[in-house]
Amino acid sequence: CGTQLIVGTNGNFGKQGQGGANLDYANYGDCEWWKSVYIYDGSPVVCWDDGATIKAGWALFGDDLFKLVDDLKMPVPTITTSDYQKYESGTFVTEDSSLALEKTWWAPLNNPTCNFVIQLLRVYSYDGQTHSGLAIGEAIDWDIPSDNGATNTGGFHYDGLDRIIYLRGTESDNTGCQLSTNRYGGQGWLGYYNSDSCSITSDGPYGAYTGDNTIWVWPNGGFVPSEMYNNMQAAGFSALSTPIDQHTVMTYFNNQTVGPQDTLNIFTALITVMEGDSTDLFASLDSAQAWFNAHIGPDCGSICCMGPIRGNVNYDPGDNIDISDLVYLVDYMFTGGPAPICFEEADINGSGGPGLDISDLVHLADYMFNNGPDPASCP
């Protein structure tokens with residue numbers, strides 16, 4: 001799998017392109033093996049206004065505004081199972097020791113698409129006090145391989161549960177064994193829950209954008225807290241289409257309050273595509289969501305099939321069952337459409353097992369149009 005990613009116990013990943021494991025494909029069939037970095041550097045970001053100045057925490061571009069807390073939780077050695085490798089960071093705190101953060105990464109081993117890593121960011125009060133006005137997110141300096149160094153174009157996709165900010169490689173001469181414009185990398189939203197509820201919500205993120213490194217990084221050799229805080233106030237998704245050196249920031253929450261009993265658990269996917277187009281990137285996000293539901297979600301309670309009956313095949317908010325679910329199931333079964341995010345929702349007759357068949361489709365159509373029996377109940 002081309003899912004190798006170097007990660008650190010302070011939340012950093014990518015290690016400024018020095019790790020030789022940057023979600024690239026240099027050792028996995030890339031005909032241009034020297035193009036060995038997709039993620040150059042990345043880190044969680046927390047910013048807030050304390051009334052006198054803007055405070056911030058991150059660990060990238062050589063900055064480390066977090067502090068490791070060795071006596072609370074040491075990093076866990078990489079865990080390898082038949083399905084994935086998992087790494088848990090240590091606990092790191094903001095410089096004022098007000099907030100604690102922890103990261104976990106899962107790299108699938110046997111997934112057919114084999115081009116994503118799932119990550120979890122946990123944020124909670126370290127000093128036992130309530131903290132308000134927090135901007136919480138993730139900054140990633142992508143260097144999608146291009147003919148002109150790190151020159152990339154930006155894009156985003158916000159459609160139903162597909163929410164991703166991404167960068168794309170650029171091509172100068174249309175020569176070589178593959179076009180750099182067929183290379184992509186992005187961060188997709190999976191959802192979050194608070195404390196131990198494990199009731200995953202897909203609402204969010206607050207916003208995401210791509211930023212020009214010549215404006216926001218180069219002049220100061222890294223980010224500036226006040227500039228980062230101000231940029232994270234913008235809601236919605238935006239991207240720069242101009243070919244330049246760019247980074248992405250996904251703002252999970254804006255003006256967030258974290259109380260003494262809160263623990264925010266935020267899940268996203270880091271995805272790259274070596275040879276494809278934007279639809280391949282979006283399909284990989286669907287695969288990451290399905291893999292997340294199958295392998296990680298059950299660790300914290302059922303997040304799948306939350307309604308009284310099955311049938312929300314496209315897994316839209318509100319557990320609604322309508323014609324779009326029937327179309328989604330037909331598309332998956334007969335035209336190569338994306339797999340259901342929650343297979344239990346698509347297993348209309350509750351027969352179990354990994355596969356779906358025509359009886360599920362017939363059952364759903366009969367229920368919707370012929371007053372047929374209800375779909376099977378959710379577990």
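Biologist: Why is strand E15 (residues 244-258) called largely enclosed by the rest of the structure?

Modeller: A residue counts as buried under 20% relative accessible area, as exposed over 50% and as partly exposed in between, with a 1.4 Å probe and protein chains only. In strand E15, 13 of the 15 residues are buried, so the strand is largely enclosed by the rest of the structure. This is a predicted model, in which local features need pLDDT of at least 70 and side-chain atom pairs count only at pLDDT 80 or more, while totals for chains, interfaces and linings use all residues. Residues are numbered from 1 along each chain as its sequence is written, and side-chain values use heavy atoms, with hydrogens and water left out.

Biologist: How do you know that E15 pairs with strand E9 (residues 131-142)?

Modeller: Strands are DSSP runs of E with at least two residues, and helices are runs of H or I with at least four, numbered from the N terminus. Two strands pair if DSSP finds at least two bridges between them. E9 and E15 have seven bridges in the antiparallel sense, so by the rule of at least two they pair. Here Leu-134 stands opposite Gln-256 in E15.

Biologist: What makes strand E10 (residues 151-159) a partner of E15?

Modeller: Two bridges join E10 to E15, and the strands run antiparallel; since the rule asks for at least two, this pair meets it. Thr-151 stands opposite Asp-245 in E15. Strand E13 (residues 207-212) is also joined to E15, by six antiparallel bridges, and Gly-211 stands opposite His-247 in E15.

Biologist: Why is Val-330 called partly exposed?

Modeller: Val-330, which lies in helix H4, has a relative accessible area of 34%.

Biologist: What makes the nonpolar surface patch, and which residues belong to it?

Modeller: Like charges are joined within 9 Å, and nonpolar side chains (Val, Leu, Ile, Met, Phe, Trp, Tyr) within 5 Å. Val-330, Phe-334, Ile-358 and Val-362 make this patch of about 370 Å². Helix H4 (323-334) and helix H6 (358-369) are the elements that give two or more residues to the patch.

Biologist: How many residues of the chain count as buried, as a percentage?

Modeller: Of the 379 residues of the chain, 55% count as buried.

Notes: Patches are made of residues with over 30% relative accessible area and no salt bridge: like charges are joined within 9 Å, nonpolar side chains (Val, Leu, Ile, Met, Phe, Trp, Tyr) within 5 Å. Accessible areas come from the Shrake-Rupley method with a 1.4 Å probe; for residues, only the protein chains shown count as cover. A salt bridge is a side-chain nitrogen of Lys or Arg within 4 Å of a carboxyl oxygen of Asp or Glu.
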